[in-house]
Amino acid sequence: MDGCISIDVCDISQERDKIDKMEIVIASFLSIAVLVPVIKLYLLKRQLREIVRQMEEPGENFISVDFVDKDLVSVVLQLNKMIEFLQNIQAEAVRGEKAVRTSAAMISHDMRTPLTSVMGYLQLAEKKCEEEEVRQDIKIALDRAAYCNGLVNDFFELSVIDSEQYTPVMERSNLCEVVCEEILANYIGFEKSGVTPVFRQADDVTWVWADRKLLSRVIQNLISNGIKYAAGKLEFVIVKGEKVSITISSPVSKAVDTEKIFEKYYRADTSGRSEGAGLGLYICRKLMRDMNGDISAYSDGKVLEIKMEMPESDKNEIV
């Protein structure tokens, strides 16, 4: 009897051991079944963060993945196709823009010579004509030809500047001398418009580091703009500080949007009666920034101030 009882206890013990082992095996399988998706999810999230990082990097580089997952690879392939498509569009846009600039430069260049000839013949006809009425008609035609010539020159210069086919030749330049030269060069324009130039020079010679020809072009554009729109006087003030600045100010009859004044094709008068294509001040800003300077505007509704800033040239700097 005791032997039978002893056998039953052993069997029960063996059965319990089997059950315990099965529970361990089942628990292990369940742990693995739960852990594998968790690890996969973690790797997927980490790879997604890496994809986002690659997409936020400058440029349009293709995306790469380290973790191999069929669905993730499929998404990345589609993203790379989109990047390639956008790259092709951008390249085509750049080629188209370059072609337009080249065409504009060629057309502007081809129009400059005949327009100059037309102006020459009109000036000759104006001098020879003795009838006052006919002289007035010729003068109107001459003014319109000069206006067209100015537009053509602006578009030609714009095409060259935007294409970056030029490099500023930086040199030690006398700012006061450049301003005086441009004021004298526009003497007739000041006389006709009734605008008086007022130049407040610095106490001594002011040297700046700039491309003298481009600097002259900027000041010429600002003077031309002032002759058209200033009321009474055009004042020039040079100030030395961390940088050299020259402020050109004039009374105005209405408020000016100084946030948009340097934008390409911006004109304060949108009625179509104002002259020009709205390129002068855009060209000024582009040239100033290419010379490591800057230009800004301020207006209180009564006075418009345009301020140019540029690096000062050391006296010992090699020219």
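Author: A crossing of two helices is left-handed if the near helix is turned anticlockwise from the far one by less than a right angle, and right-handed if clockwise. The model here is predicted, and in it the crossing of α4 and α6 is right-handed.

Reader: At what angle do α4 and α6 pack, and how far apart are their axes?

Author: Helix α4 covers residues 175-185, and its axis is 10 Å from that of α6, at an angle of about 45°. Angles under 35 degrees count as roughly parallel and 65 to 115 as roughly perpendicular. That makes α4 oblique to α6.

Reader: Which residues of α4 meet which residues of α6?

Author: Contact means heavy atoms within 4.5 Å. From α4 come Leu175, Glu177, Val178, Val179, Glu181, Glu182 and Ile183; from α6 come Arg212, Leu215, Ser216, Ile219, Gln220 and Ile223. Sorted by class, this contact has 7 nonpolar, 2 polar and 4 charged residues.

Reader: How does one read the pair α3 and α7, and what is their crossing angle?

Author: The reading starts with the axes. Those of α3 (residues 132-162) and α7 (residues 280-290) come within 11 Å and cross at roughly 30°. That makes α3 roughly parallel to α7. As for the hand, α3 passes α7 in a left-handed crossing.

Reader: Which residues form the contact of α3 with α7?

Author: On the α3 side they are Asp154, Glu157, Leu158, Ile161 and Asp162, and on the α7 side Tyr282, Ile283, Lys286 and Leu287. By class there are 5 nonpolar, no polar and 4 charged residues.

Reader: Which residues of α7 are buried, and against what do they pack?

Author: Buried means under 20% relative accessible area. In α7 this applies to Leu281, Tyr282, Ile283, Cys284, Lys286, Leu287 and Met288. The buried residues of α7 pack against α3, against α6 (212-229), and against the strands β6 (294-299) and β7 (303-310). Just after α7, Asn292 has a positive phi of about 65°.

Reader: Now a strand residue. Is Ser250 buried or exposed?

Author: Relative accessibility settles that. Ser250 is found in strand β5, residues 244-251. Its relative accessibility is 8%, so Ser250 counts as buried. Beyond its neighbours within four places in sequence, Ser250 is in contact with Ala230, Lys233, Leu234, Lys302, Val303 and Leu304.

Reader: How does Glu171 count by relative accessibility?

Author: Glu171 lies in strand β1, residues 171-174. At 27% relative accessibility, Glu171 counts as partly exposed. Leaving aside neighbours within four places in sequence, its contacts are Val208, Trp209, Ala210 and Arg212. Val208 is 37 residues away from Glu171 along the chain, yet their C-alpha atoms are separated by 8.1 Å.

Reader: How many of the contacts in the chain join residues at least 24 apart?

Author: Take the contacts between residues at least 6 apart in sequence; 68% of these join residues at least 24 apart.

Reader: What is the secondary structure of the chain, and in what pattern does it run?

Author: The chain has 7 helices and 7 strands. Along the sequence their pattern is α-α-α-β-α-α-β-β-α-β-β-α-β-β.

Reader: And what do the surface totals come to?

Author: The accessible surface of the chain is about 21200 Å², with 57% of that belonging to carbon and sulfur atoms. Of the 319 residues in the chain, 29% are buried.

Conventions:
Residues are numbered from 1 along each chain as its sequence is written. This is a predicted model: local features need pLDDT of at least 70, side-chain atom pairs count only at pLDDT 80 or more; totals for chains, interfaces and linings use all residues. Side-chain values use heavy atoms; hydrogens and water are left out. Axes are lines fitted to C-alpha atoms, for helices over the stretch in contact, and angles run from 0 to 180 degrees between N-to-C directions. Helices (H or I, at least four residues) and strands (E, at least two) are DSSP runs, numbered from the N terminus. Angles under 35 degrees count as roughly parallel, over 145 as roughly antiparallel, 65 to 115 as roughly perpendicular and the rest as oblique. Ala, Val, Leu, Ile, Met, Phe, Trp, Tyr, Cys and Pro count as nonpolar, Asp, Glu, Lys and Arg as charged, and the others, Gly among them, as polar. Buried means under 20% relative accessible area, exposed over 50%, partly exposed in between (1.4 Å probe, protein chains only). Accessible areas come from the Shrake-Rupley method with a 1.4 Å probe; for residues, only the protein chains shown count as cover.
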